[in-house]
Each structure stands twice: as structure tokens, then as C-alpha cells.
Amino acid sequence: MQHILKCHEIIKTDFVRGENCFLYDTEGKQYVDFESGIWCTALGHNNPRIRLAIESQLKQIIHLGTRYPNNLCEEAAKAVLDIVGIENGKCTFLSSGSEAVEFGVQAIRRITGKPLLLTFQNSFLGSYGSAGNKQLTEWFLLDWNSCTHTNIDNRLEKIPFEKIGGFVFEPGGSGISFVHFPPAPLIHSIVGKIRQMGGLVLVNEVTAGMGRTGKWFGFQHYDIQPDIVALGKGLGNGYPISAVAMSLEVAENLENSGFHYAQSHQNDPLGCATAKEVITVFHEGNWVEKGNELGNFFLNELRRLAQKHAAIKEARGRGMLLGLEFQPHDRITAASMYRALLEKGFLVGYYYPVGNILRFDPALTMEKENVLRLIECLDHILEEAALY
Ligand SMILES: Cc1ncc(COP(=O)(O)O)c(C=O)c1O
């Protein structure tokens, strides 16, 4: 890998094939992927239905200029608006989750004209732009861990809501690895205050969306209806397509503001065909419900391990977004467990230096027996490690 730029950690360079929750390297060794790539292949690697839709669209047309969105794009937009529960809204298709969030941020600034946006300190909103950098001149960062149900009002009093154009809420476990979900009363209070001051609510569903947390979208655990929803990752099941969906009122305000945004692959037919088929496959296979069921089973198994092994601090999660946090220990750490699992053919999430936690975000289409294989392997590694 002489010519691959190292701008993040690279661990293994010989995966050549994928099928559902399995990856295969050049030696033919099988790995069970509990990360779905990077939380993208919710319907499994190389899903045959999605592959077929891509192949068939490849034969028609891949790309069209931004001035020429076709009917496929309109159909995909309707499908996205339907799943996010926005009746008669509008949608645009982009290429990455970061781009979708950044688009939403720009839209809010344009519509409200206010300089600041509110988000949680540990939310991950994207890799670039204002949402990626979260400069304090543009963002008010709230540490929600310090908010208890008795001090919410007190903490919120310190937020200059009159200067804030919107709340960017990431409902997928707050950040890249923590698997900690903010409490609903806090979200209700913030959303109430934001709306009182004419602000907008943008929900970042890049990771939490498409069934990851046991419902179609993470915000549905909070009984709120956002003004703007950013989607990515699972929407393309590994193909780089993202979307921003918004209410008609927000869309009209944005359009009337003279807002201009165009990039080369916006509303491309290949991405739209992919997203449309992904949504159809989700509906037909009841994958949100099935994923939630498997996630509950998985969490119970992780909790059973936590009761058995003192090295585990807590097992927690929602749907198929699960985490296993370890106690401080000189040998048994998330890092050592990650390496031991990799050796045994399991890919799990571990994002040094975020926390002493392993994360599991498998495909919703994973078979139960693979969850049991992982649990058995974890159990065994922990038993052995405890002996020394
Ligand atoms: C919560 C969240 N938002 C946004 C992004 C950015 O998405 P992308 O990597 O597709 O740009 C990520 C990526 O991991 C994410 O986890």
C-alpha cells in the first residue's frame, strides 16, 4: 500500500469479496463483519437485489447534469420523504453523509440568517465544512452528559437561543463510539426552545437512520418531527448516495431565498436507483422490525456476558447499534479485545482513542447464529484473559 495516503488507521489490505455479513480475503479466510463496512451495508454486502438494481441502471444511464433530474429521482425522493414521515416535502440527493449534514447546516443559516447552531459536544456531524469543524464562532456545543432531569432548565438557560438558527441533533448514540443516547426530556426542551425562537431542527440520521437503532430513524425514539433530515450510509447500502429531506415550508423558504447548491453528482440516476431499491427491499423484507428483533437478542446476549465477566463495565445500545464498555484494566481492554477478535475472524468497531468500548453495527440481515458465534468467541477470549 505504498500509494495509499494514510489519513486514518489502515489495518488489513486484502479483502476482495463480500456477501451479506461476511468478508473474504485473498487467502479465502472468512471474516464476520459486525461493522457493516463503516455502518453502511445495512442490507448486507453485495445484496443481490441492490446489485441487480445497480447493474440494470448502469445499462441505462449513470449520470445526468444537475439541471436534468429525471423521474427516477422524483420517485426516489418520494420514497425518502415517505420513510422520514414528511408529507409533500422536498428532497435532494448528494454523495456522502458529511455533505448531507453540511447542506442542512447551510440551509438553516440561509433561512434563519442566524450565526450560531446548537449541537451536542460529542456529536459527529461530518468530516469537513462547518459541521465537521464545529468552530465556536459558529456552534454552541452542549455537553448533555452534564444535563440531568433536575437541571435541564438551568443548563438550557445558558444557551443564547435568540442567536441560534437551529439544533443539529445526532440521535445515533452521540458520537462516533459512545453508544449513549440523550434523554428524551432534554431533546423535547431543546426542540421546544429552538422552535419558540423561530429556529429549525435538523436531524443527522446518517448513522442512526435506515433501521440502525431499531426504528426507521433515530429521531423516532424521541417523538419529534424534524424540519430537515440528513441521510447517508444505509441509504446506499455501500453505494455513495446521501439525501437531505425537508418539509415543504422549509423547502420553499430555501428556494425563495435564492440558495444555490450544485455538485457534479447531485440527483444522479445511478444513486437514485440504488436508494429507491434499498428502500423497497427494506419494506418488502421488514428489515427494520427484523433488525430490531435481532438487536434485542444480541443486547441480551451481551448483557449476559457483562454479568459473567468482571472486565465488562456495561453492555448497552438500541436496535443494531450496540456497545460493550470495558472496565479500566491493564490487559483486557477494547483494543486488546479488538485485536483478539480480528485474529479469530470477527470485525467489530473500535475507534481509538474515543473510549474503552467495542461497537457492533452489523447488517440487519445478519443471521442469529453469527451473533452467537461472536458471543461464544468473546466469552472464550475473556475467560482465557482472566486466567493470566
Ligand atoms: C453520525 C454521523 N454523521 C455524519 C457522518 C459522515 O458521513 P460520511 O462518512 O458518509 O461523510 C458520519 C460518518 O461516520 C456519522 O457517523
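Strands β1 (residues 15-19) and β2 (residues 22-25) pair antiparallel, with four bridges between them. Please keep in mind that this is a predicted model.

**From β1 to β2**
- G18 has L23 of β2 as its bridge partner.
- Two residues lie between the strands in the β1 and β2 hairpin, and N20 has a positive phi near 50° there.

**From β2 to β3**
- β2 also runs antiparallel to strand β3 (residues 30-33), and three bridges join this pair.
- Opposite F22 you will find V32 in β3.
- The hairpin that β2 and β3 form has four residues between the strands, and G28 in its turn shows a positive phi of about 85°.

- Domain 1 brings 22 residues to the contact, and domain 2 brings 16 residues.
- On the side of domain 1 that touches domain 2, the elements giving two or more residues are α10 (287-308), β11 (312-318), β12 (321-326) and β14 (357-360).
- Of these, α10 gives the most, with five residues.
- Sorted by class, this side of domain 1 holds nine nonpolar, nine polar and four charged residues.

Key: Residues are numbered from 1 along each chain as its sequence is written. This is a predicted model: local features need pLDDT of at least 70, side-chain atom pairs count only at pLDDT 80 or more; totals for chains, interfaces and linings use all residues. Two residues are in contact if their C-beta atoms, placed from the backbone, lie within 7 Å. Ala, Val, Leu, Ile, Met, Phe, Trp, Tyr, Cys and Pro count as nonpolar, Asp, Glu, Lys and Arg as charged, and the others, Gly among them, as polar. Two strands pair if DSSP finds at least two bridges between them.
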